[in-house]
Amino acid sequence: MGRKSVIRAESINKFFQQPVPFQVLKNISLDVASGEFVSVMGKSGCGKSTLLYILSTMDTDYTGKLYLNDQLITGLQAEQLAAIRNEHIGFVFQFHFLLPEFSVLDNVSLPAKKLGRKNSEVIREDALEILRMLDIGHIAEKKAYRISGGEKQRVAIARSLINSPSIIMGDEPTGNLDSKNSANVLSIFRNLATTEGLTLLIVTHDKDFARQTDRTITMEDGIILP
Amino acid sequence: MYKKLLWFIAGMHIITRLKQSIVAGLGVTFGIATFITLISFMTGLNGLLDGLTLDRTPHIHLYNETGPTKVQPLDLVAGTPTDWHLIRSVKPKPQQSRIHAAPTLIKAISTFPEVAAVAPQVSTQAFYTAGAIDLNGLIAGIDVEQEERWYKLGDYVSPGSIVALSQNDNAIIVGAGVAKKLSVGIGNKIQLVSPRGNSLSLKIVGTYQSGLAEVDDVQSYVNLKTAQRLIGEPDSYITDINIKLHDLEQAFPLAQRLERLYDIKAVDIGTANAQFDTGTSIRNIITYAVSITLLIVAGFGIYNILNMFIQEKMNDIAILKATGFSGADVMKIFIIQAMTIGLAGGTVGLLLGWIFSYTISRIPFEIEALPTVTTYPINFNLTYYFIGIAFALIATFFAGYLPASRARKMDPVDVLRRQ
């Protein structure tokens, strides 16, 4: 491939202690290179969401090694991991997860304000530009709880893009949308991967979605199928 | 920038849950308002009651005490190891009530750094005579200026004024009971007869009312010279020396020192009024206990509401954490929220407390003992307002701390997985 690795996992093992001791992930290793659009498929309970949470640094209760941009991030402090998430990882969840009382613009801007690299004016401009790119510029001032489901998911995507992250991770981002909106979200992702060269790692159920990606990783019972 | 962001999020939370925030704030408001009202009223009343006695009492009182001589001549003889001296039925020696070399003593004591003021006094018994009646009385000859400045004698003179006493060597301020019994008033003359038979006719310029009937029935004030004239003694004749100190705490050690130095009886205020100190401190303890209980209840209100709020905001917390806010950030947001509520509630509480105590201070309150007091005494001491707001902040900090640290520890994965 020759391309730079964005996220690399080496022999990740994960156990659940409750309700009964159970190994969710068995010796998982994977590598996502820069500019790749990767999907993870598998049945419910195969551990794909769990893997995503580990890759996203939110779950630190695992064994193995995790590298982001070739730097080891396993074992870092919670504060440092939060800073890494803020700067390098964008998230899109199944249930859009916006702050309902905040405006769309605030929702998109918050991670950038937390990062604190740019002043509020620039952040505002950036956020508006991303919203416009996703065709939702007109709802920027609306409260997040007043917009439709499809719009919410696009706002979530806009938020994940605001800090120009190294990778965008999605946990079934189309799982809760109708086919029209699903297609829309998929085309946005496809577009970002092709034109902007963004790296994406998306967990999905949707075969049609997976077919559109560069590479599909299939999981079953805690292992990656070859 | 980054601080502003946390404030922005906390502020947004308060605005979107305004009603709950106000309810939580009201808990603090009432706690603080009650604290301020209670403590202003209680300390005001304490001050008044203490003033009744303490203002009138010298910090150290010097006089000659009648009593048996402590060291009897026999004690000077060395005893044998097997027996000891025993003298039965020791009688006191007749003693002058005059303090020896009083003017020199006063001058010497005035130079002590602890001493604020030294006032001489001549006390003597006398009879008030009106027609065929002789009334027993106590006459105090005072240095009017000192007495007014350090012992607030004027506060207890009504009607009449203490100024007239200093200007007139033939003036007297009589106890209210005396005036009533003799049926005399301001402008009337009264005849005084000393134990040795000297008689003096004095003009009444005021009545003195301490509130204690047994005092008012006998006590009268004249100026120092008049008293000396009444008993036929020279200017240097002084029976009592009253000392005010800068620091009350010094009273006991200084009294002991004076006793040793000048061979005179010295009584300090703590010994003379032990029960007053106790009364005051118990009243203060009660006030603080009630106020702190109120504030703790208010603290629980905040704890409750913040807890509920965090439960409701689990999703928001998960999002903030997923998008890169650290646990400490999230905690700060909730602490800011709690303390903003505490500060706002506390400030309103201070204002409300001030309004309440001001209202109380306008309510008429007449007591016999203090003719100059017409409304309830309130102590508008700023210290209590500082204590109030400090306590509001501390209480809300702790009330917010527990729920906030729960939010800090909350694992976003748990929330995400639950969906």
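## Strands 1, 2 and 4 of chain A

Let's start with a pair of strands. In chain A, strand 1 and strand 4 (residues 63-68) run antiparallel and are joined by five bridges. To find one of these pairings, look for A:Glu10: its bridge partner in strand 4 of chain A is A:Lys65. Helix 1 of chain A (residues 48-55) packs on the sheet here, where it touches strand 1, strand 2 and strand 4 of chain A. The direction of this helix makes about 125° with that of strand 1 of chain A. Keep in mind that what you're looking at is a predicted model.

Now turn to strand 2. Strand 1 (residues 5-16) and strand 2 (residues 22-33) of chain A also run antiparallel, this time with eight bridges joining them. The link between strand 1 and strand 2 of chain A is a hairpin of five residues.

Zoom out and you get an open sheet of four strands in chain A, with the order 2-1-4-5 and antiparallel pairing. Which strands sit at the edges, pairing on one side only? They are strand 2 and strand 5 (71-72) of chain A.

## The six-stranded sheet of chain A

Chain A also has an open sheet of six strands, in the order 6-7-8-3-9-10, and the pairing in this sheet is mixed. Strand 6 (89-92) and strand 10 (223-225) of chain A are the edge strands; each has a single partner strand, so one side of each has no neighbour in the sheet. On average, neighbouring strands of this sheet are turned by 25° against each other, if you ignore direction.

Inside that order, have a look at strand 3 (residues 37-42) and strand 9 (residues 215-220) of chain A, which pair in the parallel sense over five bridges. A:Val38 stands opposite A:Arg215, which is in strand 9 of chain A.

Helix 5 of chain A (residues 149-161) lies across strand 6 and strand 7 (167-171) of chain A, and runs at about 175° to strand 6 of chain A.

## A loop residue in chain A

Between helix 4 (120-133) and helix 5 of chain A there's a loop, and A:Ile136 lies in it. Is A:Ile136 buried or exposed? A:Ile136 has 21 C-beta neighbours inside 10 Å, and 20 or more are needed to be buried, so A:Ile136 counts as buried.

Leaving out residues up to four places away in sequence, A:Ile136 touches A:Leu131, A:Glu151, A:Arg154 and A:Val155. From A:Ile136 to A:Lys152 is 16 residues in sequence, while their C-alpha atoms are 9.7 Å apart in space.

## Chain B at a glance

Over to chain B, which has 15 helices and ten strands. Of its 419 residues, 37% count as buried. If you take the contacts in chain B with a separation of 6 or more, 78% of them are between residues 24 or more positions apart.

With 16 other C-beta atoms within 10 Å, B:Phe252 is partly exposed. B:Phe252 touches B:Asp268 and B:Gly270, not counting residues up to four places away in sequence. B:Asp268 is 16 residues from B:Phe252 along the chain, yet their C-alpha atoms are separated by 5.5 Å.

## Two packed helices in chain B

Two packed helices are described by the angle between their axes and the distance between the axes. For helix 13 and helix 14 (residues 382-409) of chain B, the angle is about 155° and the axes are 7 Å apart. That angle makes helix 13 of chain B roughly antiparallel to helix 14 of chain B. The crossing of helix 13 past helix 14 of chain B is right-handed. Sorted by class, the contact between helix 13 and helix 14 of chain B has 21 nonpolar, eleven polar and two charged residues.

## Where the chains meet

How many residues does each chain bring to the contact? Chain A brings 23 residues and chain B brings 20 residues. On the chain B side, helix 1 (2-16), helix 12 (314-322), helix 13 (327-361) and helix 15 (412-418) of chain B each supply at least two residues. Helix 12 of chain B gives the most to this side, with five residues. By class, the side of chain B that touches chain A has eleven nonpolar, seven polar and two charged residues.

How values were computed:
Residues are numbered from 1 along each chain as its sequence is written. Chains are lettered from A and ligands numbered from 1 in the order in which they are written. This is a predicted model: local features need pLDDT of at least 70, side-chain atom pairs count only at pLDDT 80 or more; totals for chains, interfaces and linings use all residues. Two residues are in contact if their C-beta atoms, placed from the backbone, lie within 7 Å. Ala, Val, Leu, Ile, Met, Phe, Trp, Tyr, Cys and Pro count as nonpolar, Asp, Glu, Lys and Arg as charged, and the others, Gly among them, as polar. A residue is buried if 20 or more other C-beta atoms lie within 10 Å of its own, exposed if 12 or fewer, and partly exposed in between; C-beta atoms are placed from the backbone. Two strands pair if DSSP finds at least two bridges between them. Axes are lines fitted to C-alpha atoms, for helices over the stretch in contact, and angles run from 0 to 180 degrees between N-to-C directions. Angles under 35 degrees count as roughly parallel, over 145 as roughly antiparallel, 65 to 115 as roughly perpendicular and the rest as oblique. A crossing is left-handed if the near helix is turned anticlockwise from the far one by less than a right angle, and right-handed if clockwise.
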